[in-house]
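Please read this note alongside the coordinates. It gives points for checking, one topic at a time.

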Amino acid sequence: MRLTTPAGLMVVKKEEKEGKLGQFVDKYLAARQAAGITAPACLLLVARSAESPVVRALAARSDALEAQGILVRAVLTLIDHTEFGGSVQVPGRLVGEGMLRLVSDARLYEAHEQLVIDAETTWVGDCMRREPGKRDSYERFAEGCRETARLTARAFDRMWSAGVSGDHLIGSAVIQIASDSTIDPSSLPEASISATATVSTRH
């Protein structure tokens with residue numbers, strides 16, 4: 001997948017990633033509130049792991065998201081599942097049953113972290129092979145760009161199709177991926193793997 005619109009491409013320092021993402025989400029929440037929008041909504045998230053700044057930024061706003069009836073559909077990789085003391089934990093309130101999928105096939109890790117907020121508001125981060133907390137990166141904050149949102153949502157759908165359910169990992173408080181958890185790559189749809197799109201912010 002190739003994004004042809006510049007749409008806010010910028011270099012973001014590693015220590016500023018979570019803050020900038022938080023501001024991006026806050027702006028969206030404030031705009032909804034100011035416009036009196038009460039309709040439920042769903043954010044589409046693709047992240048390297050539960051430790052990614054985009055996951056932490058959303059987790060820190062779980063109360064605000066819940067208050068506005070906003071859900072999160074998430075695709076996470078298992079790249080980091082043996083780190084952080086042998087487990088990875090995601091705030092359980094961030095996703096619900098049927099809203100989490102996991103991918104472990106290395107062919108999918110060239111895709112980029114991303115967050116689709118609505119039909120014209122998206123963020124695209126670095127390739128999922130790169131640890132976001134250890135390096136600066138080019139990131140794309142797109143507002144008022146339906147084409148970027150459409151292409152990014154399509155990439156999410158392909159990643160979602162290539163993943164497997166994470167429902168069995170959802171607990172009342174946290175989602176915990178034990179260090180010995182594995183996913184058989186042969187269980188992933190071959191057509192979805194071969195069609196998986198990547199965003200052209202390679203660097």
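This is a predicted model: local features need pLDDT of at least 70, side-chain atom pairs count only at pLDDT 80 or more; totals for chains, interfaces and linings use all residues.

1. Strand 8 and Phe 141. Strand 8 covers residues 137-143, and Phe 141 is part of it. The relative accessibility of Phe 141 is 12%, so the residue counts as buried, the cut-off being under 20%. Between the C-alpha atoms of Phe 141 and Leu 21 the distance is 9.0 Å, although 120 residues separate the two in sequence.

2. Aromatic pairs. The model has 2 aromatic pairs by the rule applied. One of them joins Phe 24 to Phe 141 in an edge-to-face arrangement, with ring centres 5.1 Å apart and an angle of 80° between the planes. This pair connects distant parts of the chain, since Phe 24 belongs to helix 1 (residues 17-34) and Phe 141 to strand 8, 117 residues away. Phe 24 has a relative accessible area of 7% and is therefore buried. Phe 141 is buried as well, at 12%.

3. Because Lys 17 sits in helix 1 and Glu 139 in strand 8, the bridge ties together parts of the chain 122 residues apart in sequence. Is this pair buried or exposed? Both residues, Lys 17 and Glu 139, are buried.

4. Arg 56, at 33% relative accessibility, counts as partly exposed. Glu 18 is likewise partly exposed, at 30%.

5. Salt bridge between two loops. The side chains of Arg 129 and Glu 110 form a salt bridge with an N to O distance of 2.5 Å. Arg 129 is in the loop between strand 7 (121-127) and strand 8, while Glu 110 is in the loop between strand 5 (100-103) and strand 6 (112-118), so the pair ties together parts 19 residues apart in sequence. Arg 129 has a relative accessible area of 42% and is partly exposed. The value for Glu 110 is 25%, which also counts as partly exposed.

6. Nonpolar surface patch. Which residues make the nonpolar surface patch of about 280 Å²? They are Leu 9, Val 11 and Tyr 138. Tyr 138 belongs to strand 8. Its relative accessibility of 40% makes Tyr 138 partly exposed, whereas Phe 141 is buried.

7. Helix 4. This helix runs over residues 146-162, 17 residues in total, and spans 24 Å from first to last C-alpha, close to the expected 24 Å at 1.5 Å a residue. Its buried residues include Thr 148, Ala 149, Leu 151, Thr 152, Phe 156, Met 159 and Trp 160.

8. Charge over a ring. Arg 73 lies over the face of Trp 160, 4.3 Å from the ring centre. Trp 160 is among the buried residues of helix 4.

How values were computed
Residues are numbered from 1 along each chain as its sequence is written. Side-chain values use heavy atoms; hydrogens and water are left out. Helices (H or I, at least four residues) and strands (E, at least two) are DSSP runs, numbered from the N terminus. Buried means under 20% relative accessible area, exposed over 50%, partly exposed in between (1.4 Å probe, protein chains only). Rings of Phe, Tyr and Trp (its six-membered ring) pair if their centres lie within 6.5 Å; planes under 30 degrees apart count as stacked, over 60 as edge-to-face and the rest as tilted. A charge sits over a ring if NZ of Lys or CZ of Arg is within 6 Å of the ring centre and within 35 degrees of the ring normal. Patches are made of residues with over 30% relative accessible area and no salt bridge: like charges are joined within 9 Å, nonpolar side chains (Val, Leu, Ile, Met, Phe, Trp, Tyr) within 5 Å. Accessible areas come from the Shrake-Rupley method with a 1.4 Å probe; for residues, only the protein chains shown count as cover. A salt bridge is a side-chain nitrogen of Lys or Arg within 4 Å of a carboxyl oxygen of Asp or Glu. The expected span of a helix is 1.5 Å times one less than its number of residues.
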